[in-house]
Amino acid sequence: MNTSFSSNNHAVTTDSATDAQISLRHISKVFPGRGGWLNKITGQASSDFVAIEDIHLDIEHNTFVSIIGPSGCGKSTLLNIIAGLSSATSGEVIINGEIVDKPGPDRGMVFQSYALMPWMTVQDNIKFAVETVYSKMHVKQQQRVIKENIQLVGLTGAEKKRPHELSGGMRQRVGIARALAINPQILLMDEPFGALDALTRGFLQDEIERIWEQQRKTAIMITHSIDEALLLSDRIVMMTKGPAARIDEVLDVPFPRPRDRNTVENHPAYLKLKKEMEDHLYRETRAVEEAQIKP
Amino acid sequence: MTVIQQKIINQKSGNKLIDNENVRALLLFLLSLGIFLLFWEVGARMKLFAKGMPTASLTITELWYWVTHPFYNNGPNDLGIGWNLLISLRRVAIGYTLASLIAVPLGILVGISQIAFKAFNPYFQLLKPVSPLAWLPLGLYIFRDSEMTGIFIITIASIWPTLTNTAFGVANVDSDYLDVSKTLGASRWRTIFKVIIPAALPNIISGLRISMGISWLVIVAAEMLLGTGLGYFIWNEWNNLYIPNILVAIFIIGIVGIILDQIFAYLEKLVSFGKQSS
Ligand SMILES: Nc1ncnc2c1ncn2[C@@H]1O[C@H](COP(=O)(O)OP(=O)(O)OP(=O)(O)O)[C@@H](O)[C@H]1O
Ligand SMILES: [Mg+2]
């Protein structure tokens, strides 16, 4: 983006590029069970559930990180903790050297369900974000930011439409534009393309790759797709199955940027990485199923 | 081949009007109405029904008279039906507006705050099932004025649906919308006005619609005991033992009820944004 505040941001990030931008320090999340005599009598009591345990990870500036793992392992739980939407039971999230426990406009979020306000037009959805975060910005400038971001995701012409008039792919473009319009330092995405068909998904992946090359924001994306992770990420975090899910392994993705599907798939390391991820997912998912069969 | 095609085309164009579902429904409606009126007319002429039951033709003549002479005034016991209708509508408008002004903000408060919900819910639960007419003597005692009492009854009657629907809508706003608001760091007020209220609007309007229906039901009953208004018109005709006018009033009350309801149906459609496609 070519607004003035985004270049400021870049200056800051290059200054401290050696340090990690996001540090996850031994994060655990326990969902408390239902105790008490009433629940015991009615047979509804349940014990505490340890979703994730001791997650420790450093993420450098301007890296794109994907999190992949068997379903139900706690990926969303972890991302929500980073977003500040839910709090860790123990451990802390440190962003730019400060502990964060609340949501804030330094982190932009893209939701799997798009989470667009149905009563607002495309433009108003983005405007809501810009007005909220940059309430002191001049209206003219706000309008410019909104327009730029609509252009960025290729929604020009659909500004006055309401979300229900758009396809899933177009809706998620609005979701991405809304997250980027507040110019966050960090972009968080929870299965952003999970609800889309394969073709649309491919288009949006290419779009994310193009935008990421332009802006190079630190990004954390949850995905179930190995190809998606390999196309977009610098690092891929593989989690074990839950309960008490941990980080099993972090893969570095060496493909040169800018990337496109063909060059990535022809890279010598591609098949090896893909195999490694497939084995991991297969093993963990298998273990999940076995755990369900056993009483 | 060509003959068959020609036949199909003929059939299609010939039956086009009758094939339309709405046209068919209208025809069926008119047919049943005709049979009903005929049965009524013949039955009443042959004195098959209760003694003094008017014929359909007499009732329709009366309806025509009232519709063409709605506004005259020969004192409270002989007032044109138009005046009575306006009196009833005015009472409903004032009472209903008062109720909405109380119910919507209170519903929002109760929907947002768990504590407020728990604290005030016993009142709502206790008062909701009470027939509004039970308040009538109390109203008369407090206000010593039939006009004020009518408005009071309407207010009490139309608070509950709006209140409970608003609270439900506010308490069940999609958590995704709230997460968006939180991640942007929106203030509490901004979240309430820009997210929670618009998201709950369909529920709020449904509540207002039910409340309007109830007001219209209750005003007629209340007015039988209050003097003036459509309810009193019916009561007065009962005292005169003139049945055709009672039937005329029932018909007019029904038509006005439909119009009021349709206004809210239209509003509901305005705020649904593709959620319900009816
Ligand atoms: N509020 C909650 N209370 C209790 N348990 C919860 C709660 N939220 C999530 N869990 C449990 O925590 C575990 C992790 O959930 P989470 O949604 O983070 O998984 P996920 O990896 O995002 O799964 P998916 O791939 O299906 O999106 C699940 O077993 C889930 O049942
Ligand atoms: Mg999830």
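In the predicted model, Asp248(A) is partly exposed, with a relative accessible area of 33%. Its side chain takes part in a salt bridge with Arg283(A), in which the closest N and O atoms are 3.6 Å apart. Asp248(A) belongs to strand β10 (residues 247–252) of chain A, whereas Arg283(A) belongs to helix α10 of chain A; the pair thus links distant parts of the chain, 35 residues apart.

The side chains of Lys274(A) and Asp227(A) meet in a salt bridge with an N to O distance of 3.3 Å. Lys274(A), at 21% relative accessibility, counts as partly exposed, and Asp227(A), with a relative accessible area of 38%, is likewise partly exposed.

In chain B, a salt bridge joins Asp261(B) and Arg209(B), with 2.9 Å between the closest N and O atoms. Because Asp261(B) lies in helix α11 (residues 243–270) of chain B and Arg209(B) in helix α9 of chain B, the pair ties together parts that are 52 residues apart in sequence. Asp261(B) has a relative accessible area of 29% and is partly exposed; Arg209(B), at 22% relative accessibility, is also partly exposed. In chain A, salt bridges with shared partners join Glu209(A), Glu213(A), Arg216(A), Asp234(A) and Arg257(A) into one network. Over all chains, a search of the whole structure finds 26 salt bridges.

The contact between the two chains was examined next. Chain B contributes 17 residues, which are in contact with 23 residues of chain A. The size of an interface is often given as the accessible area lost when the parts come together. For chain B and chain A, about 1800 Å² is buried between them, of which 73% is on carbon and sulfur atoms. Of the area that chain B buries against chain A, 38% is supplied by Thr183(B), Leu184(B) and Phe273(B), more than by any other three residues. Across this interface the rule finds 1 salt bridge. That bridge is formed by the side chains of Glu131(A) and Arg190(B), at 3.3 Å from N to O. On the side of chain B that touches chain A, α8 and α9 (188–223) of chain B each supply at least two residues. The largest contribution to that side comes from α8(B), with 8 residues.

Helix α6 (residues 168–181) of chain A also packs against α8 (175–184) of chain B. This helix of 14 residues reaches 20 Å from its first C-alpha to its last, close to the 20 Å expected at 1.5 Å a residue. α6(A) is mostly covered, with 11 of its 14 residues buried; among them are Gly169(A), Gln172(A), Arg173(A) and Leu180(A). Within chain A, the buried residues of α6(A) pack against β6 (107–110), α4 (122–133), α5 (139–152), β7 (186–190) and α7 (198–215). After α6(A) comes Asn183(A), which has a positive phi, near 50 degrees.

At the level of domains, chain B is divided into domain 1 (2–53) and domain 2 (82–270). The centres of domain 1 and domain 2 of chain B, taken over C-alpha atoms, are separated by 38 Å.

How values were computed:
Residues numbered from 1 in each chain as written. Chains lettered and ligands numbered in written order. Predicted model: local features only at pLDDT ≥ 70, side-chain atom pairs only at ≥ 80, totals over all residues. Heavy atoms only, no water. Helix = DSSP H or I, 4+ residues; strand = E, 2+ residues; numbered from the N terminus. Expected span 1.5 Å × (residues − 1). Buried < 20%, exposed > 50% of the residue type's maximum accessible area, 1.4 Å probe, protein only. Contact = heavy atoms within 4.5 Å. Domains from an automatic or database assignment. Buried area = accessible area lost by both parts, 1.4 Å probe. Salt bridge = Lys/Arg side-chain N within 4 Å of Asp/Glu carboxyl O.
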